[in-house]
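This report describes one protein model for a reader who is new to structural analysis. Please view the sequence and the structure below before reading on.

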Amino acid sequence: MPPKAKITRDMIIKAGITIIRTEGIDSLNVRRVAALLSCSTQPVMYHFKTVKELTYAVYEATQQQSRHQDAYRSECYSLGQDGTNLREFGIHTTREEDDT
């Protein structure tokens, strides 16, 4: 059985997201990702054959995170429409406190 990979695809994608958020999309490259993960470029290139593949994977991950955050915001908003569901969690709005 081959040894377990120390640098995973998910680790590389997360490093790519970190680079884009802190330094911008133009800073995303294999050497920068490898430096952030304290490894050589080989593990990065093993998972992604080109920088374009890496960029696309990072883009897809950020889009998925965005969709998840949007769904969470929608759910929170719908919970607070009438205030009753939020009160179940011990959350009161300012308007409720003013009315009492």
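## Contacts and overall fold

Of the contacts in the protein chain with a separation of 6 or more, 47% are accounted for by residues 24 or more positions apart; a contact means heavy atoms within 4.5 Å. The model is predicted, so local features need a pLDDT of at least 70 and side-chain atom pairs count only at pLDDT 80 or more, whereas totals for chains, interfaces and linings use all residues. Residues are numbered from 1 along each chain as its sequence is written, and side-chain values use heavy atoms, with hydrogens and water left out.

The secondary structure of the protein chain consists of six helices and zero strands, in the order α-α-α-α-α-α along the sequence. Helices (H or I, at least four residues) and strands (E, at least two) are DSSP runs, numbered from the N terminus.

## Confidence

The pLDDT is the predictor's confidence in each residue, from 0 to 100. Its mean for the protein chain is 79, and 62% of the residues reach 70 or more.

| Element | Residues | Mean pLDDT |
|---|---|---|
| Helix H2 | 30-36 | 96 (highest) |
| Helix H6 | 94-99 | 47 (lowest) |

Over residues 91-100 the pLDDT is below 50, and this stretch has six contacts in the model beyond near neighbours in sequence.

Of the 100 residues of the protein chain, 22% count as buried. Buried means under 20% relative accessible area, exposed means over 50%, and partly exposed lies in between (1.4 Å probe, protein chains only). A nonpolar core is a set of buried Ala, Val, Leu, Ile, Met, Phe, Trp, Tyr and Cys residues joined through side-chain atoms within 4.5 Å.

The largest such core has 17 residues, and those with the most contacts inside it include Ile13, Leu37 and Leu54. Helices H1 (9-23), H2 and H4 (51-79) each supply at least two residues of this core, and H1 gives the most, with five. Leaving aside neighbours within four places in sequence, leucine 54 is in contact with Ile12, Leu28, Val33, Val44 and Phe48.

## A charged pair

The count comes to one salt bridge, defined as a side-chain nitrogen of Lys or Arg within 4 Å of a carboxyl oxygen of Asp or Glu. Arginine 32 forms a salt bridge with glutamate 23, and their closest N and O atoms are 2.6 Å apart. Arginine 32 counts as partly exposed because its relative accessibility is 28%; glutamate 23, at 37%, also counts as partly exposed.
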